[in-house]
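Visitor: I'm new here. Could you walk me through this structure and tell me how you know what you say?

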Amino acid sequence: MTDREDRLSLGRRRALTSLLAAGTFVGTARTARADVAPGAPSGPASNEKRNQPNNSHAEPANQPGANMRPVIKTQSDYFYRPSIHFSPVAGFMNDPNGLIFDGQYFHLYYQYDPTAPYAGRVHWGHAISTDLYSWQDQPIAIDQTAAGEAYSGCVVMDRENVSGLFPQRPSTAAAAVRSGETSLPSADVPAVSSAPSATQAAVDALSPMLRLDAPDAPPKDQAPGPTSMQSTGQPVNRSPLAPPSPDSLPVLGEPNSSALEKVDIQASESVPPAPVKPAAPPIPGGLVAIYTRATPQKQTQYIAWSPDGGQHFMDYAHNPILDIGRNSFRDPKVFWHEQSQKWVMVVVKAREHKVAFYGSIDLMHWMHLSDFGPAGLFGVDYECPNLIELKVEDRTNGTRWVLFVSVNPGGPQGGSITQYFVGDFDGERFQPEDTVIGLTDFAKDSYAMQVYNDMPNGAATYFAWFGNWQYCEEVPNRSWRGLMTVPRDISLRHDEAGWLRLVQRPRGLEALRGPEIPFPVGRIAAQSGAQVAIPPATAIEFSLTVTVDERPNAQPDGVQGRAGRFIVAFSNSQGETLTIGFDAFSSQLWLDRGDLNGFSQPFFTERFSTPLTADNRRFSLRIVLDACALEIFANDGMSVGTALVFPANPLDTLSLQATNAGATVQNVKLYPLRKTMNRQTAM
C-alpha cells in the first residue's frame, strides 16, 4: 500500500542513512562466519557438478571437453526459430539480465554461453532495441573470467556518479558531449578525477567508525577508476575506449575455439554490423551493472561500470562489494526506493529459500536490512528475485508491492516456475498481505522474469526466459537454444473472490500486425465448427471472446463434457494438433501439446489447465503462436500460459469447435505478425 502509516520514523531513517553513508558493512566478516544456516551445503553435491557453481541445474559446458563437441545445424534450427521472440544467434541463452531503458535504447542482457548450446561458461550477452521487438546484437557485455562465471544481475542508471566509478570529464569534453560532438572521453583524458568520490568522502568523514581493513572499503589512496584486477592480483590498465578482448582473459575450463568454428555467428545468420555505439548520456555517471560472480566455492556480488553506454562493463578493482561467505547467494536486483531515498537490493539466499534486502546510498556499500522467508513453494533453489510497486487496476491510485521469486526445481508442473507475493514494502522490510502465493504461469515454460528499470511513464514491463530447466538442453534445435517471451506489461486486479491477482498483457504487439486475415465467425452450433488457413512459418496473433450456451441437462457425456466444451485447434494434414480448450461445466481452460510429434521427453509435460472465473461460461483468449513459442493470455491477462511447442510439420489450419453445446463467438481477430528478428527462419 502507498498510504501505510507504519513508515520508518524520522530518527530511525536518519540513523539508517548515517550507517549507509558510512558504507557500513562492518559486519561482513562476522556475517560470513556466523550467518550460515545449519546444515547449509558448502559445495557442489555431486562429482558431476564439481566444475560448476552451486545451483540446481547442470552446466554441461563446464565439463572437460564439453565445448569440443561439434555443433551441426539441422532444419530444426530454422523450423523452430521464432520471428518476433528474441533468441541468440548461436549458443545457449537463459535468464534475462540488466533490463533497462536508457532514454534511447531498451537493453536486453542475458545469461549466455556463446560457445555451445548448453548451459555453462556464463557471460552476459547483449542486444538493444527501440521497440522491444527489433533487436540488434551487441558484443558480449560481461565476460566469464578467472574470478568466476557472470551470473544474473541488473543494470541501473547512476546519473550522479554516486558510486564514484566514472572518471570526471574535463569541461571541454563535457561541453563536447552536451553538443553531441563526441560520445566518450578520448583515450588521453585522465581516467581518474582528483576530486574525491562520494564513497571516499563518506569514508573520510566517518573513518573513526569504519573498519578500513574491511574488504568492501576502498583504500584511501585508491579512488575507483578504470582499472581491473586479474586473478594474479596485478592491476590491468584499461582504456575506457578499449575494453579487453574476451580472448585475453583467463577462463574456467578448456579452450572453446573448436565449438565456435562450428557455428559462424556472423556468416550463418547474416547479422548486420552492430550499430553506432550509443552516446554516453550528458550526466556525471552512466550505466552500472550489479551481478553475481560464481565459482564452485563462492557466489559474491560484483559491480561494474560502462564507459560506452552499456556495450561493455568494466569490473570495479576492489570487488566484491557484497560477500557473505556463501556459495548460493545470487541474482541481485537493484532499484531506487524514493520514499526512503536509497538504493535497495533484493538478492536470494537460494538454498535457504530466503530473499535478502540490502540498502545503500552509493551502490558500493551495502547494509543488510531484512530477510523474507522461507515462504512459498517447496523447491531446491530460490532465484531471480524482483520487487516492484504495481498499480491496482480497479482501485483509484491504489498500489501494492509485489515480490517475484523463481523456484527451480519445485514448480507444480515440474521443473522451474515463478511465484509471487503481494504485500507492502517500507524501504526495509517486505510484509505480505496474506499467506497466499500466486504463480505467473499455468504452464511451465516461463522462468526467471525480470522487470525493466526506468521504463517510460513508469510502466512495469518484463521479459522472462521461455524454457524449463528439465529439458531446455535437449530440445530439437541444436545450434541455438533459449528464447525470451514477448515483453509483458503487468499490473494487479481483484478477482471475483476479492484476491489480488497478477495481470499480464503483451506490450506493443499491435505495431507488428499485418493485414487482418478474414475469419467471419459469429455462431457455432453444437457438434460443429469453423476453420481457416493460416500462413506457414509466420507468427500469428489470434483473439476472440466466447460464451458457451447453457445446457439444461448437464450430465456427463464422455469426451464432450458435461456442459459443453469449446476448442481452439492448430493442426496440419499429418494429424498433429495443438489445442486450447474451455470446459463450461468446471469453467477451466486447458492446453494440450501432446499431439505434436517434434519432441518427446519424460519431463516435457503434455497438458496443463487453469481455473478461470467460477460458474461463468464466458471467457476471452489472446493467443500468440510463433514457431516453437506459444503464449496464451486468458480473460484479459488474468491467466497466462507459456509453452514450447514442437510440431514435426507446419501447423497450417486454425479451427474452432463446439462439442455438445453451441457457442456465441465475438471479437474474432486474426493477424499475421511482421518478422522483427534478423534470424534465418523457415521462411
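This is a predicted model: local features need pLDDT of at least 70, side-chain atom pairs count only at pLDDT 80 or more; totals for chains, interfaces and linings use all residues.

Visitor: Why is Asp-362 called buried?

Guide: Buried means under 20% relative accessible area, with exposed over 50% and partly exposed in between, using a 1.4 Å probe and protein chains only. Asp-362 has 4%, so it counts as buried. You'll find Asp-362 in the loop between β13 (354-360) and β14 (367-372). Asp-362 and Asn-161 are 201 residues apart in sequence, yet 8.4 Å apart in space, C-alpha to C-alpha.

Visitor: What makes strand β11 largely enclosed?

Guide: Eight of the nine residues of β11 (residues 329-337) are buried, so the rest of the structure largely encloses this strand. Strands here are DSSP runs (E, at least two residues), as are helices (H or I, at least four), numbered from the N terminus.

Visitor: How do you know that β11 and β12 pair?

Guide: Two strands pair if DSSP finds at least two bridges between them. β11 and β12 (residues 342-349) have seven, in the antiparallel sense. Phe-329 stands opposite Lys-349 in β12. The two strands form a hairpin with four residues between them, and Gln-341 in the turn has a positive phi of about 55 degrees.

Visitor: Why are β20 and β24 called edge strands?

Guide: They belong to an open sheet of four strands, in the order β20-β21-β23-β24, with antiparallel pairing. β20 (447-451) and β24 (500-506) each have a single partner strand, so one side of each has no neighbour in the sheet. The twist averages 40 degrees from one strand to the next; axes are lines fitted to C-alpha atoms, for helices over the stretch in contact, and angles run from 0 to 180 degrees between N-to-C directions. Inside this sheet, two bridges join β21 (residues 461-465) to β23 (residues 488-494), and Thr-461 stands opposite Asp-489.

Visitor: Which strands form the sheet of six?

Guide: The order is β26-β35-β28-β29-β30-β31, again antiparallel. At its edges are β26 (528-533) and β31 (607-611), each pairing on one side only. Here the twist averages 15 degrees.

Visitor: What makes a group of residues a nonpolar core?

Guide: The members are buried Ala, Val, Leu, Ile, Met, Phe, Trp, Tyr and Cys residues, joined through side-chain atoms within 4.5 Å. The largest such core has 44 residues, and Phe-542 and Leu-656 are among those with the most contacts inside it. β27 gives the most, with five residues. A second, separate core of 23 residues includes Cys-154, Ile-290, Trp-305 and Tyr-358.

Visitor: How many cavities are there?

Guide: Eight, counting those of 30 Å³ or more. On a 1 Å grid over the protein atoms alone, a cavity is a set of points where a 1.4 Å probe fits but cannot get out, and lining residues have an atom within 4 Å of a point. Points are joined across faces, edges and corners, and the volume is the space filled by probe spheres set on them. The largest cavity holds about 270 Å³. Its lining has 20 residues, and those closest to the centre include Pro-536 and Asp-626.

Terms used
Residues are numbered from 1 along each chain as its sequence is written. Side-chain values use heavy atoms; hydrogens and water are left out. On a 1 Å grid over the protein atoms alone, a cavity is a set of points where a 1.4 Å probe fits but cannot get out, and a pocket is an open set with protein on both sides within 12 Å along at least five of seven lines; lining residues have an atom within 4 Å of a point.
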